Amino acid sequence: MATPARPLDAPDRASVLDTAPRQWVAGLLGRADIHIDGDRPWDMQLHDHAAPDRALSEGNLGLGEAYMAGAWDCERLDMFFDHLLHSIGKNLRDSVPDRWIDRHVFPNGDLPSIGQVGDAL
């Protein structure tokens, strides 16, 4: 029988970000001004170290499923997703597109910036 995930008592940031993929997830969230185990209402609070791994392996569905399983939460989900969605494509115009975001978040798509939407109206 599988052992259920043990909630983190007092997570040590170094232990939460102990692998390169987890550090990469923290970097993606950092672009959105979201910190893992931060103290702001939109910061992600981890209860299971595997939550970032699940988000990486399963994409945006994995992020939602990990939330529903209680692996992470945040005080204000609306603010979390506002920060996350407004960061997509931010500061990336002069750089190589992020293949993971292109593949898992917006497959074969391009999210217009607020300026582009305003210009279209």
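Three aromatic pairs are present in the structure, where rings of Phe, Tyr and Trp (its six-membered ring) pair if their centres lie within 6.5 Å, and where planes under 30 degrees apart count as stacked, over 60 as edge-to-face and the rest as tilted. The model is a predicted one, in which local features need pLDDT of at least 70 and side-chain atom pairs count only at pLDDT 80 or more, while totals for chains, interfaces and linings use all residues. Residues are numbered from 1 along each chain as its sequence is written, and side-chain values use heavy atoms, with hydrogens and water left out.

**Aromatic residues**

Begin by selecting Trp72 and Phe80, whose ring centres are 4.9 Å apart and whose planes meet at 40 degrees, so this pair is tilted. Both Trp72 and Phe80 are buried, a term that stands for under 20% relative accessible area, with exposed meaning over 50% and partly exposed lying in between (1.4 Å probe, protein chains only).

**Helix H4**

Next, select residues 77–87, which make up helix H4; helices (H or I, at least four residues) and strands (E, at least two) are DSSP runs, numbered from the N terminus. Within H4, Phe80, Leu84 and Ser87 are buried. They cover an arc of only 70 degrees around the axis, as given by the directions from the helix axis to the C-beta atoms, and therefore lie on the same side of H4. To see what these buried residues of H4 pack against, display H2, helix H3 (51–68) and strand S2 (72–73), taking contact to mean heavy atoms within 4.5 Å.

**The loop between H2 and S1**

Finally, move to the loop between helix H2 (20–31) and strand S1 (45–46), where Asp33 is found. Asp33 is not a glycine, yet its phi is positive, at about 60 degrees, and with a relative accessible area of 33% this residue is partly exposed. At 26% relative accessibility, Asp37 counts as partly exposed.
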